[in-house]
Amino acid sequence: MIAFLKDKKIVLGVCGGIAAYKSAELLRILVKQGASVKVILTENAKAFAGPLTFEALSGQPVCTSLFDERGDGSIRHIEWAEEAHAVIIAPATANMIGKLANGIADDALSTFMLAVTSPKIICPSMNTSMYENRAVQRNLDILEGDEYMVVEPDSGELACGVTGAGRLPAPEYIADRLVKRLQPKDLNRKRVVVTAGPTLEPIDPVRFISNHSSGKMGYAIARAAEYRGADVILVSGSTSLSAPAGVLMASVKTADEMANAVFENMENADIIIKVAAVADYKPSEPVDYKIKKTSDNLELQLDKNIDILKEIGRRKKDQFLVGFAAETHDLDSNSRKKMEEKNLDMIVGNLVGGSSSGFEADTNKVTFYFNDGKKESLPVLEKDEVAHILLDRIIEKVAAKG
Ligand code: PMT
């Protein structure tokens, strides 16, 4: 995982709501990711979570009042606003949302917010009827217009017993949205289709042919593109990974299903990145009953699967098309051959077979081959890092194409 928040100065505002206990966990996650976090508690927040908890977790003094207890004459809310790289308010109450939407500054947090010029993220959390109230929704619209990132609450059972929208999302999700907010939006509104994971080709209802792809590389690319502002469709074979936030998922099993999902979405795509490990062959006649072990040998007849990437290469118009090549040897010649045969703009040659590269690993060793003959080899890197460097190169190439 790239330490996106390393050395970032973040201010966390906490309002008075039952979800304030989750803010402590959010603070812990941000600090773990390398951020330096200062906390401002409203008067009501103190009734739900004490300053000592936040002080201990952040290792910094907590601000609870407009009037500085340090007595050193500094105006803390201005000083903190000037140095912050981003500010998150979680949970944000209807009262605080109303104050911020209308420029009211009558306590430490609302006064501080008027001085903030860095990115602002607000996480509303309250009873469903309150959240759906027209005044609250109107105020949230105003905040969005004022360039706040509004993180929508989850739906579920609330502390008041009601089931509906209003729950503060998981702290991991809020931290992820902060990371997104701080990324450059150099893929803004670009439509990116990524495929990931393995395909499963059924033999009978309980068995299949597949491979070891975990989906980690493809999911890392989908997540990176979403962070950078793209509208991402992730066509994924079976994996145990959670869908990256903000990404549209199309879950498939077989190569035929993957082909249909990709063909449906390729027309409007700007960039297509085909990371999935597609089974080259499938059983000719899968049966709908469990095959019994009645003989010592079993012969399985296989048919060639559709080559999805080759077909995209044949149909493509302006889309920038990227393939992956998983190879155990002759990386250069095999990758270049695939790039040419499949009419690609670039291919990512992936050395597989070791524990630090390829299938299932958290890291990868790849070489980029471009269709102008150039190549670039990367050292072993986290898959998230490979994903961002790959997107950097794609953006450069797309810009050069005009
Ligand atoms: O998922 P992970 O565990 O993180 O592992 C990542 C990875 C090793 C799967 C990934 O980095 C990788 O190398 N993916 C390509 C795997 C592969 O199937 O390579 P290939 O050389 O067989 O295929 C070449 C290209 O054609 C690939 O883009 C593949 O998606 C595509 N293809 C292949 C066969 C087929 N029938 N249809 C296709 O579209």
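These are my notebook entries on a predicted model of one protein.

**Entry 1: overall figures**

I began with the whole chain. The protein has 402 residues, of which 50% count as buried. I counted 13 helices and 21 strands in its secondary structure. Along the principal axes, the C-alpha atoms fill a box of roughly 80 × 50 × 40 Å.

**Entry 2: strand 17**

Next I turned to strand 17, residues 346-351. Is this strand enclosed or open? Five of its six residues are buried, so the rest of the structure largely encloses strand 17. I then looked up its partners. Strand 16, residues 320-327, runs parallel to strand 17, and six bridges join the two. In this pairing I found G323 opposite I347. Strand 19, residues 366-370, runs antiparallel to strand 17 and is joined to it by five bridges. Here M346 has F370 as its bridge partner. I noted one more arrangement: strand 16, helix 12 (residues 331-341) and strand 17 make a β-α-β unit, and it is right-handed.

**Entry 3: T195**

I picked T195, which lies in strand 8, residues 191-196.

**Entry 4: salt bridges**

Side chains of opposite charge can pair when their charged atoms come close. The count of salt bridges comes to 29.

D186 pairs with R228, with the closest N and O atoms 2.9 Å apart. This pair links distant parts of the chain, 42 residues apart: D186 sits in the loop between helix 8 and strand 8, and R228 in the loop between helix 9 and strand 11. I found R228 buried, at 4% relative accessible area, whereas D186 is partly exposed at 35%.

K282 forms a salt bridge with D256, and the closest N and O atoms are 2.8 Å apart. K282 belongs to strand 14 and D256 to helix 10, so the pair ties together parts 26 residues apart in sequence. K282 is partly exposed at 22% relative accessibility, and D256 is partly exposed at 34%.

K342 and D307 meet through their side chains at 2.8 Å, N to O. K342 is in the loop between helix 12 and strand 17, and D307 in the loop between strand 15 and helix 11, so this pair ties together parts 35 residues apart in sequence. K342 counts as buried, because its relative accessibility is 15% and the cut-off for buried is under 20%. D307, at 32%, is partly exposed.

The network of salt bridges links D176, R177, K180 and E226.

**Entry 5: a surface patch**

Y21 lies in helix 1, residues 20-32. With a relative accessible area of 55%, Y21 is exposed.

Key. Residues numbered from 1 in each chain as written. Predicted model: local features only at pLDDT ≥ 70, side-chain atom pairs only at ≥ 80, totals over all residues. Heavy atoms only, no water. Helix = DSSP H or I, 4+ residues; strand = E, 2+ residues; numbered from the N terminus. Buried < 20%, exposed > 50% of the residue type's maximum accessible area, 1.4 Å probe, protein only. Pairing = 2+ DSSP bridges. Right-handed = clockwise from strand over helix to strand, strands pointing away. Salt bridge = Lys/Arg side-chain N within 4 Å of Asp/Glu carboxyl O.
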